[in-house]
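Biologist: Can we go through this one together? I'd like to start with the charged pairs and then move on to the domains.

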Amino acid sequence: MKISVIGAGSWGTALASQLGLKHEQVFLWARSSELAKSMQQTRQNSAYLPGVSLPERLICTSDLEQAVSGAELILLATPSHAIRETARGICPHLQNEVIIVSAAKGLESGTYKRMTQVIAEEIPQLADRVAALSGPNHAEEVGRQQPTASVVAAASLAVAEAVQDAFMLPFFRVYTNPDVVGVELGGALKNIIALGAGAAEGLGFGDNTKAALMTRGLAEIARLGLALGANPLTFAGLAGVGDLMVTCTSRHSRNRRAGMLLAEGKTAEQIQLQTNMVVEGIRATGAAYELSRTSQIEMPITEQIYQVLYEGKSPKTAVLELMTRGKTHEVEEVALNGVIAFR
């Protein structure tokens, strides 16, 4: 089985590293020929995942056709804003039975589409063979083979199980879930709440504040998810509360770190210039805010973070406005497709 990972950032490198322990033919594609050459020679990605050794049989390349031709499983691990371009680029080199897995967590700016929707548009002949991989999975820990659980979502059980089988290792356990909408939304929207958690920490607030932010953040993630057809149980699982917890609290979380910089008065542009990795929560906030408005879904935390990022509001003012909103119930019994929705 030939497997290709497209995107040699920290997450793509971690995935390729573990796949190379199990499969004979694994390719890792990097846009930069210099990075591909360095990884092939040194067996490390010192730019994005230092300290993690790459298996000897993992092939690193900047030749896209070499990477994907004849592959049976392809993981797209580029930043979310590059997924459409990447899917379009690999399309001419694909065989009919290949499975495409999105390992990116985000929403496309302008269209507000999930990554599997974007891939299906660019590779329509494989629309029923697209899956999403998500969960509380920091690259730094996966690369070092620390026990991790993940979830793969696909409309087809056969596709989900094929991806599950490809990934299962003693230190990497994969579950399947048919709820593609919920799994992808959980992975994209938790980055927004992590920005808020980092800002709260940077402002010197304590555990009570962060716990409230995470809990109410999950409520509004679920609220939007329900409106878009997700299964509410998904948000109680790995792609929901699991990913939210780790992204809001971990020292590895770049979205949490970005939130702390917001608390220092840094702008979104300054934060992006300060890191060599994409902060997905910044773009996701814009997309989710617009999506909530068009869907008429109340997302107060997302709205406040949007105003901090894009309208210059101070994080302290945003917190005050969240705390002084009109009183409401924690859970209101509002029927939405037969399910109790959070308010």
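Biologist: Which residue does Glu264 meet in a salt bridge?

Modeller: Lys266; the two side chains meet at 3.5 Å, N to O. A salt bridge here is a side-chain nitrogen of Lys or Arg within 4 Å of a carboxyl oxygen of Asp or Glu. Keep in mind that this is a predicted model: local features need pLDDT of at least 70, side-chain atom pairs count only at pLDDT 80 or more, and totals for chains, interfaces and linings use all residues. Residues are numbered from 1 along each chain as its sequence is written, and side-chain values use heavy atoms, with hydrogens and water left out.

Biologist: Is Glu264 buried or exposed?

Modeller: Exposed, because its relative accessibility is 54%. Lys266 counts as partly exposed, at 29%. The cut-offs are under 20% relative accessible area for buried, over 50% for exposed, and partly exposed in between, with a 1.4 Å probe and protein chains only.

Biologist: How many salt bridges by this rule?

Modeller: The count comes to 17. One of them pairs Glu97 with Arg129, the closest N and O atoms being 4.0 Å apart. Glu97 sits in the loop between helix 4 (83-90) and strand 5 (99-102), and Arg129 in the loop between helix 5 and strand 6, so the pair ties together parts 32 residues apart in sequence. Helices (H or I, at least four residues) and strands (E, at least two) are DSSP runs, numbered from the N terminus.

Biologist: And what does Glu298 form a salt bridge with?

Modeller: Arg325, with the closest N and O atoms 2.7 Å apart. That pair also links distant parts of the chain, 27 residues apart: Glu298 is in the loop between helix 13 (280-295) and helix 14 (300-311), Arg325 in the loop between helix 15 (315-323) and strand 9 (331-336). Glu298 is partly exposed at 42%, and Arg325 is partly exposed at 37%.

Biologist: Which residues are linked in a network of salt bridges?

Modeller: Arg84, Arg88, Glu108, Lys113, Glu121 and Glu122.

Biologist: Switching topic. What does the domain assignment give?

Modeller: Domain 1 (2-178) and domain 2 (181-341); the bounds come from an automatic or database domain assignment. Their C-alpha centres lie 26 Å apart. The contact, meaning heavy atoms within 4.5 Å, takes 28 residues from domain 1 and 28 residues from domain 2.

Biologist: How much area do domain 1 and domain 2 bury between them?

Modeller: About 2400 Å², 64% of it on carbon and sulfur atoms. Buried area is the accessible area (1.4 Å probe) that two parts lose on being put together, summed over both. In domain 1, Leu107, Tyr112 and His138 lose the most area to domain 2, together 27% of what that side buries.

Biologist: How many salt bridges across the interface?

Modeller: The rule finds 2 between domain 1 and domain 2.

Biologist: Which element gives the most to the side of domain 1 that touches domain 2?

Modeller: Strand 7, with 4 residues. The residues of that side divide into 12 nonpolar, 11 polar and 5 charged. Here Ala, Val, Leu, Ile, Met, Phe, Trp, Tyr, Cys and Pro count as nonpolar, Asp, Glu, Lys and Arg as charged, and the others, Gly among them, as polar.

Biologist: Last one. Where is Ala212 found?

Modeller: In helix 9 (residues 207-227). Ala212 counts as partly exposed because its relative accessibility is 42%.
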